[in-house]
Amino acid sequence: MFWLAAVSPKVKEILKNFRNLIDPGKKNNADPFIISLAIIKEKQQKLLQPKHIIVTEELSKNNVNKPMIPDVCKHYNVECLNLNEFLKRELEIEIKIKNNR
């Protein structure tokens with residue numbers, strides 16, 4: 001898979017910078033893969049394409065020893081929203097589109 005080859009080095013970089021992002025005892029440690037994919041896709045993005053946004057209910061802790069998704073996204077300049085922020089933004093976009101018809 002193409003995306004896996006592109007994402008793997010970025011996952012390693014993220015885990016090097018944020019060692020405690022994952023919990024080795026947990027079964028699901030997808031966070032660095034999701035962030036990596038957003039970073040890679042953002043770099044491949046062409047003009048006028050939608051931005052890649054990560055939606056999470058995690059809150060920033062600003063704690064290097066226990067980083068959360070928003071902390072890592074901020075470091076890599078990836079937009080990160082909670083579900084309410086995302087839905088509000090999408091609803092505003094939908095209303096603007098309907099009003100312009």
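Buried residues are those under 20% relative accessible area, exposed ones are over 50% and partly exposed ones lie in between, with a 1.4 Å probe and protein chains only. The model is predicted: local features need pLDDT of at least 70, side-chain atom pairs count only at pLDDT 80 or more, and totals for chains, interfaces and linings use all residues. Residues are numbered from 1 along each chain as its sequence is written, and side-chain values use heavy atoms, with hydrogens and water left out.

**View 1. Helix H2, residues 31-44.** Helices (H or I, at least four residues) and strands (E, at least two) are DSSP runs, numbered from the N terminus. The expected span of a helix is 1.5 Å times one less than its number of residues. For the 14 residues of H2 this gives 20 Å, and the end C-alpha atoms are 20 Å apart, which agrees. Buried in H2 are Asp31, Pro32, Ile35, Ser36, Ala38, Ile39 and Ile40.

**View 2. Ser36 and its contacts.** Ser36, in helix H2, has 0% relative accessibility and therefore counts as buried. Contact means heavy atoms within 4.5 Å. Neighbours within four places in sequence aside, Ser36 is in contact with Val7, Lys10, Val11 and Ile14.

**View 3. Leu15 and Pro32.** Leu15 belongs to helix H1 and, at 24% relative accessibility, counts as partly exposed. Not counting residues up to four places away in sequence, Leu15 touches Ile22 and Pro32.

**View 4. The largest nonpolar core.** A nonpolar core is a set of buried Ala, Val, Leu, Ile, Met, Phe, Trp, Tyr and Cys residues joined through side-chain atoms within 4.5 Å. The largest one has twelve residues, among them Ile14, Leu21, Ile39, Ile54 and Val78. H2 and H3 are the elements that give two or more residues to this core. Ile39 is in contact with Lys10, Ile14, Tyr76 and Val78, leaving aside its neighbours within four places in sequence.

**View 5. The aromatic pair.** Rings of Phe, Tyr and Trp (its six-membered ring) pair if their centres lie within 6.5 Å; planes under 30 degrees apart count as stacked, over 60 as edge-to-face and the rest as tilted. By this rule there is one aromatic pair. Phe18 and Tyr76 form a tilted pair, 6.4 Å centre to centre with 55° between the planes. Phe18 lies in the loop between helix H1 (2-17) and H2, and Tyr76 in the loop between helix H3 (69-75) and strand E2 (80-81), so the pair ties together parts that are 58 residues apart in sequence. Phe18 counts as buried at 11% relative accessibility, and Tyr76 counts as buried at 15%.
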